[in-house]
4 protein chains.
Amino acid sequence: MTKAQPELQLVVSEIAEEMRRRPDRGEVATYIPELARADPQSFGLVVIDADGHVAADGDSETPFSIQSISKVFTLTLALGKVGDRLWRRVGREPSGTAFNSIVQREREQGIPRNPFINAGAIAVTDVILSGHQPREALGEILRFLQFVGQDTSITIDEAVAASEQRTGFRNRALANYMKSFGVLENPVDFTLGVYFHHCAIAMSCRQLATAGRFLAHLGRNPDTGLSVVQPERARRINALMLTCGHYDGSGEFAYRVGLPGKSGVGGGILAIAPGKASIAVWSPGLDPSGNSHLGRIALELLAKRLGWSIFGA
Amino acid sequence: MTKAQPELQLVVSEIAEEMRRRPDRGEVATYIPELARADPQSFGLVVIDADGHVAADGDSETPFSIQSISKVFTLTLALGKVGDRLWRRVGREPSGTAFNSIVQREREQGIPRNPFINAGAIAVTDVILSGHQPREALGEILRFLQFVGQDTSITIDEAVAASEQRTGFRNRALANYMKSFGVLENPVDFTLGVYFHHCAIAMSCRQLATAGRFLAHLGRNPDTGLSVVQPERARRINALMLTCGHYDGSGEFAYRVGLPGKSGVGGGILAIAPGKASIAVWSPGLDPSGNSHLGRIALELLAKRLGWSIFGA
Amino acid sequence: MTKAQPELQLVVSEIAEEMRRRPDRGEVATYIPELARADPQSFGLVVIDADGHVAADGDSETPFSIQSISKVFTLTLALGKVGDRLWRRVGREPSGTAFNSIVQREREQGIPRNPFINAGAIAVTDVILSGHQPREALGEILRFLQFVGQDTSITIDEAVAASEQRTGFRNRALANYMKSFGVLENPVDFTLGVYFHHCAIAMSCRQLATAGRFLAHLGRNPDTGLSVVQPERARRINALMLTCGHYDGSGEFAYRVGLPGKSGVGGGILAIAPGKASIAVWSPGLDPSGNSHLGRIALELLAKRLGWSIFGA
Amino acid sequence: MTKAQPELQLVVSEIAEEMRRRPDRGEVATYIPELARADPQSFGLVVIDADGHVAADGDSETPFSIQSISKVFTLTLALGKVGDRLWRRVGREPSGTAFNSIVQREREQGIPRNPFINAGAIAVTDVILSGHQPREALGEILRFLQFVGQDTSITIDEAVAASEQRTGFRNRALANYMKSFGVLENPVDFTLGVYFHHCAIAMSCRQLATAGRFLAHLGRNPDTGLSVVQPERARRINALMLTCGHYDGSGEFAYRVGLPGKSGVGGGILAIAPGKASIAVWSPGLDPSGNSHLGRIALELLAKRLGWSIFGA
């Protein structure tokens, strides 16, 4: 029951306008110093439907740090490389604790619960890195983002990467912890170097929504016709986004928005309406679970007004 | 892309046949002594589509102990009674630990993580009980099941209830633990009495699939036209089933089956294909996470062959 | 280097006087309603040396609820009954978490860490109860206290016992939790009934210091000459008091006071100076770890002024 | 009731002989590859009494890797530098979990439970390092060991230090974890470098027993008359050794041996009989808690035969 294109733009613009007027904007992440410089007034929203129509409003062309959203794409790459063998190194269950928790790791012999918590994404990065130099692995990830995002200008924000390299002690703890259990195969500094850099990739809402289209359409970009993954794999990545995509707010996101999605502490969220659209939203202020405060609200309104919930329409 | 009715029956029968031939059947639950008497060879599958067509095979008319599947209906009832105030007493996040774990309780001041783990379902039962006698509350729950299941013969298996009353020490620990934090308002024995009894309700796959139809169709039974809950609430209950419906195997179920569902240690699973069908499956053997082993496999095949995954079709 | 008796009384009186003048008195326990009625101004101190000289000051004859101090005596009784087989049901390691925590239980299959945390003391009570009626077991415990306390007037404060029976949900959770693992052999209500009642035994500082004399003198009361336990067992009970006797403040007590001791939330502490003296102190205000605030300070001063630390004098 | 010198040598020799004949020798540590090369047949025992008489038997002059025993001396040094301010960075309670656990760290905002678990000892090392180069800090620690051990030949086993530098991922995780909470002030690699090296100091039983004499005699070496710490501080270090000195086997050691002690995974144990003797034992095979198997048994026999338990003699 997708609305026609002019209606879609109308809904997008209405929501963007409502968001701009809201006084509650969450808190900009400060744990990576460089991210703290983001303007909490920024807001961007882009929806690309099955026909390739683009509805956009706000700061939809401004690149922001995609942070954990990159984990969707590194997961896709790693599955492409090693297939289901990936699941020997990382689980598929929601974590039930805060987003960079180390407790659950210990109880499970170093195997991270899922590929979207930090520990899991570091393990996935280690799989991509396997047998290569960090520079090569990072180049591969970046080229994959440029390919699915259909824009060769997508690049890494080196200031953000350097900022996290200097301050990412918690991630360094997680990585060394997994290394002590043999979950990581490469030198910790190599794996973390690639991880910090792919989290620092900067993309605009338009680029991100473009990059997510293959997940909305059974693994295939409907414009180019190029298949990125098999249909089953696309469904499964969506399932993981739904159950694990928003740290300890994943249940809340499923309950309120009803779409698979992945958030990043840069304030971006990529959401997928299967068969209907790929959506990217950005607003730097975060809620206590570390997800974009206005981004989540905007997606809740969008899914409701367009009847896009996967749980009944 | 729902297949026509004759095809639906064909798919159901094929899957039932495949299941009957499989040697791996999981382990029948023994922690409630009475459940250990179930026949591991039993298998039933019923699908009711949007038009009310029923496709059934196997032991589809045999009542079994619905156990935790009752939590879907007590949640529905409690939301009807107190609305969103329910969420002051129970959370909405996946638990990330084994199905009757007490650890996460402690770290969160006695508030259970979600309404589908045992602690959460006990808290929900306490809300339904509030201000009534156990007998009245239990009567209300049973009548609700008879109403949505469209069968007044649905009843409680007193032998199972008594068996769990005698042996449910873990649940008694959970309830007293919550009571110590003031999360339960009624006497612990009252709340547990109602809880043990509603878990002991016996239903057949046909009755259970009938009872779930309102969740598949925006809160309304398409045959009777009677509305049980508002559309948004139906979607949200589905969302909770998807993220939390299978204990520590919820992520796995979403990943493999791609449908909201709720399992019970009696070997039943209720699954919802939003807009398409309500599905009940029963096979008493469980996997290590406590979910029906063949039930989950049957649903995976069904969703795949009919293209019913909510994550892309 | 024990000081002579007149000096001992002088030191005791000096300390009691200092304690009476201190404005900081801790917080009276409120989690058992009946205990909340204690007068925070109360203070008693009794020291009985190897020769049986008694130095006392303050409210040394006023009975108070000994609460967890009773665990020293139930441990002694249980070891007498089953010897080292007791250690199949309870461990000997400090717990490292708050005094009634349930978390560590879960990780260790229901086996409590030591006999002085609540779970462990409940398991010890279950051993004493084994094969008897609660009334008989309780009678045995009470008679043992009267024997070692050399006073048949020692009795149970029924109001305190009833108060905890009504409100002890956390202990009921712990007991049911252990029952679910088979750590308890008797009906949970039987074991808890005995536990709540022996915690409600009321004794004065004089009675308590008398009762502890066998621990100070290799298992034997030097006055009566009667042996309660073998020397090695007395030493080992002292060791357990030192490592586990003060909940999550056990390390602090060892560090500051340097004597084996056991505290109760009624504000009492029994401390042992091996070879030198048995000491009882009482002041109802507790510190954040649940130990008598002034009681601990008084013992620190006493051990320092008399050179009684077991860690070097 | 110290026995005369010839008797002491007799007891020491008897015990050494018994130990040499025992077939059960525990498991040599393998987690630091270099340590795995130790000969499980090695056994040394040295006791130095208050008069300076030395009773020795077995491999008493062979240097071994003191590992965690070094934590007693770094604690002494750090207390000398910053006094009780040290306790802002590390606690004083037994840990209640395995020896290098990270779980308890997380629940307490990165503050380690005590100075003898790895995390706590790393924090203590960070205090010693403060404002200096790693080489200087390490030199200071080594010179302190040479001073109290009265032997300038005491040195660092560089092969062991290098081995742990290469493989100490768990410690690297702990250090980064604390760094993320601001518990460490120096660069993680600096602090760990010093930590790995002071754990790799090699000493013989004779050197170690000599080094511990100040703890047995109120902070002062009775031979040289030189005071290392004040009496109260010596008592308190002994108290910490008793409650926290043997990882998750500390309660067991107190219960069986009844002396303050500190073990290392190299198989050494330093034990203190306050007022009576300083004792060092070495046997590389470890028990499941990571403490020297025969070392603990030898000390239990020694304390029993000489009546040295601090819990009653």
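User: How many residues of chain C are in contact with how many residues of chain D?
Analyst: This is a predicted model. Two residues are in contact if their C-beta atoms lie within 7 Å. By that test, the contact of chain C with chain D takes in 35 residues of chain C and 35 residues of chain D.

User: Which element gives the most to the side of chain C that touches chain D?
Analyst: Helices α11 (231–244) and α12 (250–256) of chain C each supply at least two residues of that side. The top contribution is 10 residues. It comes from α11(C).

User: How does the side of chain C that touches chain D divide by class: how many nonpolar, polar and charged residues?
Analyst: α11(C), with 10 residues, gives the most to this side. By class, the side of chain C that touches chain D holds 15 nonpolar, 13 polar and seven charged residues.

User: What rotation superposes chain C on chain D, and what axis relates the two copies?
Analyst: Chain C is superposed on chain D by a rotation of 180°, with 0.0 Å of shift along its axis. The RMSD is 0.0 Å. The two copies are therefore related as by a two-fold rotation axis.

User: How many residues does chain A bring to the contact with chain B, and which element has the largest share?
Analyst: The contact takes 35 residues from chain A and 35 residues from chain B. On the side of chain A, α11 (231–244) and α12 (250–256) each give two or more residues. The largest share is 10 residues, and it belongs to α11(A).

User: How far apart are the nearest C-alpha atoms of chain A and chain C?
Analyst: Chain A and chain C do not touch. Chain B and chain D have no contact either, and their closest C-alpha atoms lie 9 Å apart. For chain A and chain C, the nearest C-alpha atoms are 9 Å apart.

User: Are α5(A) and α8(A) roughly parallel or roughly antiparallel?
Analyst: Helix α5 (residues 134–148) and helix α8 (residues 188–199) of chain A pack with their axes 9 Å apart, at an angle of about 30°. Angles under 35 degrees count as roughly parallel. So α5(A) and α8(A) are roughly parallel.

User: Is the crossing of α5(A) and α8(A) left-handed or right-handed, and which residues of α8(A) make the contact?
Analyst: The crossing of α5(A) and α8(A) is right-handed. From α5(A), the contact uses Pro134(A), Ala137(A), Leu138(A) and Ile141(A). The contact residues divide into six nonpolar, three polar and no charged. Those of α8(A) are Phe190(A), Gly193(A), Val194(A), His197(A) and His198(A).

User: At what angle do α2(C) and α4(C) pack, and is their crossing left-handed or right-handed?
Analyst: Helix α2 (residues 70–82) and helix α4 (residues 118–129) of chain C have axes 9 Å apart and an angle of about 45°. That angle makes α2(C) oblique to α4(C). The crossing of α2(C) past α4(C) is left-handed.

User: How many charged residues are in the contact of α2(C) with α4(C)?
Analyst: Among the residues of α2(C) in this contact are Lys71(C), Leu75(C) and Lys81(C). Those they and their neighbours meet in α4(C) include Val124(C) and Ile128(C). The contact has eight nonpolar and two polar residues, and its charged residues number two.

User: What is the strand order of the open sheet of five strands in chain D, and which are its edge strands?
Analyst: The pairing is antiparallel, in the order β3-β2-β9-β8-β7. Each edge strand pairs on one side only. The edges are β3 (54–58) and β7 (261–263) of chain D.

User: Which residue stands opposite Ile48(D) in β3(D)?
Analyst: Strand β2 (residues 44–49) of chain D runs antiparallel to β3(D), joined by five bridges. The residue of β3(D) opposite Ile48(D) is Val54(D).

How values were computed: Residues are numbered from 1 along each chain as its sequence is written. Chains are lettered from A and ligands numbered from 1 in the order in which they are written. This is a predicted model: local features need pLDDT of at least 70, side-chain atom pairs count only at pLDDT 80 or more; totals for chains, interfaces and linings use all residues. Helices (H or I, at least four residues) and strands (E, at least two) are DSSP runs, numbered from the N terminus. Ala, Val, Leu, Ile, Met, Phe, Trp, Tyr, Cys and Pro count as nonpolar, Asp, Glu, Lys and Arg as charged, and the others, Gly among them, as polar. Axes are lines fitted to C-alpha atoms, for helices over the stretch in contact, and angles run from 0 to 180 degrees between N-to-C directions. Angles under 35 degrees count as roughly parallel, over 145 as roughly antiparallel, 65 to 115 as roughly perpendicular and the rest as oblique. A crossing is left-handed if the near helix is turned anticlockwise from the far one by less than a right angle, and right-handed if clockwise. Copies are superposed by least squares on the C-alpha atoms of residues with pLDDT of at least 70 in both. Two strands pair if DSSP finds at least two bridges between them.
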